[in-house]
Amino acid sequence: MAHLPPVAKAPPLLNVDRLTPFVDPLPRPPIAQPIRKNRIPLFRIPIHEFSAQIHRDVPATRFWGYGNSVPGPTIEARSGQEILVEWQNKLPAKHFLPIDHNLMGAEKDNPEVRTVVHVHGAKVPPESDGYPQDWYVPGLSKTYHYPNQQDAAMLWYHDHAMGINRLNVCAGMFGAFIIRDSQEEALNLPNGDFEIPLILTDRMIRADGQLYYPVSQLADAPWLPEYFGDAVLVNGKLLPYLEVQPRKYRVRLLNGSNGRFYFLTLSNSQPFHHIGSDQGLLANPVEAQRLAISPGERMDLILDFTNHAGENIILNDQTVKIMQFRVAKAKVADPSSLPPNLRATPRTPESTAIRTRRLTLEEVDFLTGEPDFHLLDGKRWHEPISETPILDTTEIWELLNLTDDTHPIHLHLVRFQVLDRRPLNTGVYLYQKKLVYTGDAVPPEPHELGWKDTVRATPGACTRIIVNFSGYPGRYVWHCHILEHEDNEMMRPYQVIAPPKA
Ligand code: C2O
Ligand code: CU
Ligand code: CU
């Protein structure tokens, strides 16, 4: 079992339960506007410090973010239309959250403030993917190229700087990146005012309204294995409300939290309808009473308020209120549809895989009281690259989770399908390197049958995914999307190899 290092005493924190709920309207992040609309539109997005109010009765909070809002501006792109984004690092020279110099890439001889932007879920050449070591310091900019040769989906951009990623994202460095295409538009889903991004991020907030990031009692090793806050911000607001009409809405849900998993329900027990997963539309809608979403994952949903005119409906995470929908009384026409067939998502046959890789998720325990940390395939970040798929070939990755926790595993560059999860004897695997299954393989949940880029690897199980490595040759990463784990060795490089010339 994981032993947590002793946590240093926190300063007085905001009492979230005492705040008046539902006094702030849910903000909609602004849409990014290109500064040049040539053949290749160019966006320029500053990354800097600003302050913003998370609640009417809480003093303004200092953030580090994109543009002037947290989440940053939403980038809207079309499938097949490439864009350029100039990401300008205009941050101050000193960090305001606690850096741990023992972590890979965060050593004392590195500058404190560094950033590099990754678009999660984007199929991009390696130079524009935001490799964790491609960070740059305040005063510098990088222009990244996004070809957008992929299906309509909600991706998201966030910081990926080596060793301080968890701090930069906590500080506010994330936003949505939506790709659209004509196939999706032909479905007549709710759009415009009736399509809402919902980006969930939990934070610890001090009584004075400022972000708090907890530290261990070891002054030289402040890293802690997890970050949970009781202030759940929705699009940057605490306990907001949204006025809606009695009709269908499309909700683009993202769990942008460092480490929290959400279990969402609606107070009137009305169902959600899944229409898409991380990488775009499902074949058919899937009805669900409860949503379980892990860090990094997205869900594309239809919420139908048609029969709920005049109701106030609360979105809950288990027993905690997150936000309120206020449904107007007056009936309206709803010209949008929820079609029974969305998009063909053929299953990738296992027979197309040219190799299977068995990769462990392990926890490293010390008896000396140092914090535990996690490894992928038993290897640290700096060890030589061991995963070298060939471009345009298909592989099965078996993720053997030998720990007691779920780890959301994300691969850059690619989309994949979940094959199954099967319980195994972790003791036998750890001590004898023998794979003994203790039950049958469980198929993915219906809403996991589409294209994914992040998968829940459940404890004591082998989670299998099937991946076609199409896109570009070069160096990418795969990692756990619990950012505290990612910053402390639960991330590995991998290399897509160009096929040998015929
Ligand atoms: Cu959401 Cu490697 O990233
Ligand atoms: Cu990613
Ligand atoms: Cu993890």
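**A walk through the model**

Strand β1 (residues 42–52) and strand β2 pair in the antiparallel sense, with six bridges between them, where strands are DSSP runs of E of at least two residues, helices are runs of H or I of at least four, both are numbered from the N terminus, and two strands pair if DSSP finds at least two bridges between them. Within that pairing, Glu49 has Trp64 in β2 as its bridge partner. Strand β2 (residues 61–66) is mostly covered, since five of its six residues are buried; buried means under 20% relative accessible area, exposed means over 50%, and partly exposed is what lies in between, with a 1.4 Å probe and protein chains only.

Before going further, a word on conventions. This is a predicted model, in which local features need pLDDT of at least 70 and side-chain atom pairs count only at pLDDT 80 or more, while totals for chains, interfaces and linings use all residues. Residues are numbered from 1 along each chain as its sequence is written, chains are lettered from A and ligands numbered from 1 in the order in which they are written, and side-chain values use heavy atoms, with hydrogens and water left out.

Now to the metals. Which residues coordinate the copper ion (ligand 3)? They are His407 through ND1, Cys480 through SG and His485 through ND1, at 2.0 to 2.2 Å, and donors here are N, O and S atoms within 2.8 Å of the metal (3.2 Å for Na, K and Ca), with the caution that water is not among the atoms, so sites may look incomplete. The spacing of these donor residues along the sequence is H-x72-C-x4-H. Because His407 belongs to strand β25 (residues 407–411) and His485 to helix α4 (residues 483–487), the two histidines tie together parts that are 78 residues apart in sequence. His407 is buried at 0% relative accessibility, and His485 is buried too, at 4%.

The copper ion (ligand 2) has His118 and His410 as its protein donors, each through NE2, lying 1.9 Å from the ion. This pair links distant parts of the chain, with His118 in strand β5 (residues 117–120) and His410 in strand β25, 292 residues apart.

Strand β25 runs antiparallel to β29 and is joined to it by three bridges, and Leu411 has Trp478 in β29 as its bridge partner. Six of the seven residues of β29 (residues 474–480) are buried, so this strand is largely enclosed by the rest of the structure. Strand β29 also pairs with strand β30 (residues 491–496), again in the antiparallel sense, over six bridges, and there His479 stands opposite Met491.

What about the cysteines? The structure holds zero disulfides, a disulfide being a pair of cysteine sulfur atoms within 2.5 Å. Cys170 is in no disulfide, and the nearest cysteine sulfur, that of Cys480, is 17 Å away. The sulfur of Cys462 also has Cys480 as its closest cysteine sulfur, at 17 Å, which is too far for a bond. Cys170 is buried at 0% relative accessibility, and Cys462 is buried at 1%.

Turning to the packing, which residues touch the most other members of the largest nonpolar core? Of its 70 residues, they are Ile75, Trp87, Tyr146, Phe177 and Leu238, a nonpolar core being a set of buried Ala, Val, Leu, Ile, Met, Phe, Trp, Tyr and Cys residues joined through side-chain atoms within 4.5 Å. Apart from it lies another core, of 28 residues, with Leu242, Val251, Leu264 and Leu301 among them.

Finally, two loop residues. Thr393 sits in the loop between β23 (373–376) and β24 (394–401) and is buried at 15% relative accessibility. Leaving out residues up to four places away in sequence, Thr393 touches Ile354, Val467, Asn468 and Phe469, contact meaning heavy atoms within 4.5 Å. His447 lies in the loop between α3 (426–432) and β27 (454–457), counts as buried at 14% relative accessibility, and, neighbours within four places in sequence aside, is in contact with His274, Ser277, Leu282, Val286 and Met299.
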